[in-house]
Amino acid sequence: MDSTGFHFSDAFIAHFSDRDFRQDFVADQVRLRIATMVRSLREQRGWSQQELAERLGTTQTTVSRIENPDYGKLSLSTLLSLAAAFDLPLWVEMPNWRDWLIRNRNFTEASFQQESFRPDALNPQPASPIVLSSTSALTSSTARAQALWGAASVFSGEQTRRGAQPIGASGAMLSSRLQTETLPVLGISLESSVNAINVVFAYKCRTCRTRKCQRTGPKSIKSPVACCSCEL
Amino acid sequence: MALWGFRCYVDGRGEDVIRAWYDDSDKKVRNKFYSRLQFLSGLPRGEWKGEPFRQLRGPYSELGEVRFQHLGVVYRPIGFHLPTEFVLLFPATEKGDDFNPRSAPDTALRRREEVLENKERSRGLDWLPFQ
């Protein structure tokens, strides 16, 4: 057993010992994976099938087919076009069976969601724990943030990362204000560095319709008013 | 890790109707059925959607169908969710835009009631190894 600790049953191994079955299974799982990945990335960006089709220079029907795992005519060219539309790289490999079976077990939408290219994301700042003399007993980022800002501005990092939902009525009010006055905020999370906690807003630009992030310090919580790429 | 297990409807004679259908099916259909169940077993309930799974509507909204195609035939086995398991009730296919047989959703709904009233009317799907 390796570090994953994953153990396949004898019955499972016997089932996979049939070569025809293995090949059918891989073919269907790859199609399921592509269909789910495209839908997840599209929905993450808030695009309709029609919007993705326009970016690909094709029709909504074609996007609908791409998101159908029973449609088996996807070409490498189409995959590269999809990757370009999402501004993401494409990765293809032929791993060993054990690795593939373990990695292939996660098809959740969150596992597919990725941000488009962002220069500052290539060298992410390493997160390190903050030691605040007055709040040294506080351990979670939410608790630390509450100590700094008060409860009204605190959101759950985990929830905002996945679902972009602030916690509590006060958080909902703040999010609502940000949604109406500035750019649509998809999520707000906390990012800790050596000396500070920053607010990271994930938002969707109304002009270029891509998902972006903007950071602000704890003393001036400003939601983004213009996309960094589209701002004149 | 699997989030869902599967159960199959057992008729009045004690026969697992899903297994009987599976055993009679073409090998390619069996392989795809297994693949779809494997796929769905790892998804949170809210992500059972899209083409691989559809919730039925109207009077059948408690039911859902696992969808897959082979050689132009759309397979639509119908079932319903328990808290941690999906119970397969009827191995329908598609004809036109409707179920084949057309009575499949009604039969599945009746079978669902039987399963909910009597645990003996379903059996764990232990004849396919998912891990």
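A salt bridge is a side-chain nitrogen of Lys or Arg within 4 Å of a carboxyl oxygen of Asp or Glu. Keep that picture in mind as we explore this predicted model, where the count between chain A and chain B is 7 salt bridges. Let's look at one of them: K27(B) pairs with D18(A), and their closest N and O atoms are 2.6 Å apart. That distance falls within the 4 Å cut-off, so the pair qualifies.

On the chain A side, helices α1 (10-16) and α2 (19-44) each supply at least two of the residues that touch chain B. The most comes from α2(A), which gives 10 residues.

How much surface is involved? The size of an interface is often given as the accessible area lost when the parts come together. Here, the area buried between chain A and chain B is about 2,200 Å², and carbon and sulfur atoms give 52% of it. Within chain A, the residues that lose the most area to chain B are D24(A), D70(A) and R105(A), which together make up 25% of what that side buries. As for the contact itself, 26 residues come from chain A and 26 residues from chain B.

Now let's step into chain B and find strand β1, residues 5-9. Of its 5 residues, 4 are buried, so this strand is largely enclosed by the rest of the structure. Which strands pair with β1(B)? One is β6 (residues 85-95) of chain B, which runs parallel to β1(B) and joins it over 4 bridges; here F6(B) has F86(B) as its bridge partner. Another is β8 (residues 122-124) of chain B, which pairs with β1(B) in the antiparallel sense over 3 bridges.

Our last stop is back in chain A, at R45(A), in the loop between α2 and α3 (49-56). Is R45(A) buried or exposed? Its relative accessibility is 3%, so R45(A) counts as buried, the cut-off being under 20%. The side chain of R45(A) reaches the backbone oxygen of Q114(A) at 2.9 Å. By contrast, R45(A) and K73(A) are 28 residues apart in sequence, and their C-alpha atoms are 25 Å apart in space.

Conventions:
Residues numbered from 1 in each chain as written. Chains lettered and ligands numbered in written order. Predicted model: local features only at pLDDT ≥ 70, side-chain atom pairs only at ≥ 80, totals over all residues. Heavy atoms only, no water. Contact = heavy atoms within 4.5 Å. Buried area = accessible area lost by both parts, 1.4 Å probe. Buried < 20%, exposed > 50% of the residue type's maximum accessible area, 1.4 Å probe, protein only. Pairing = 2+ DSSP bridges. Polar contact = N/O pair within 3.5 Å; in protein donor to acceptor, adjacent residues only side chain to side chain.
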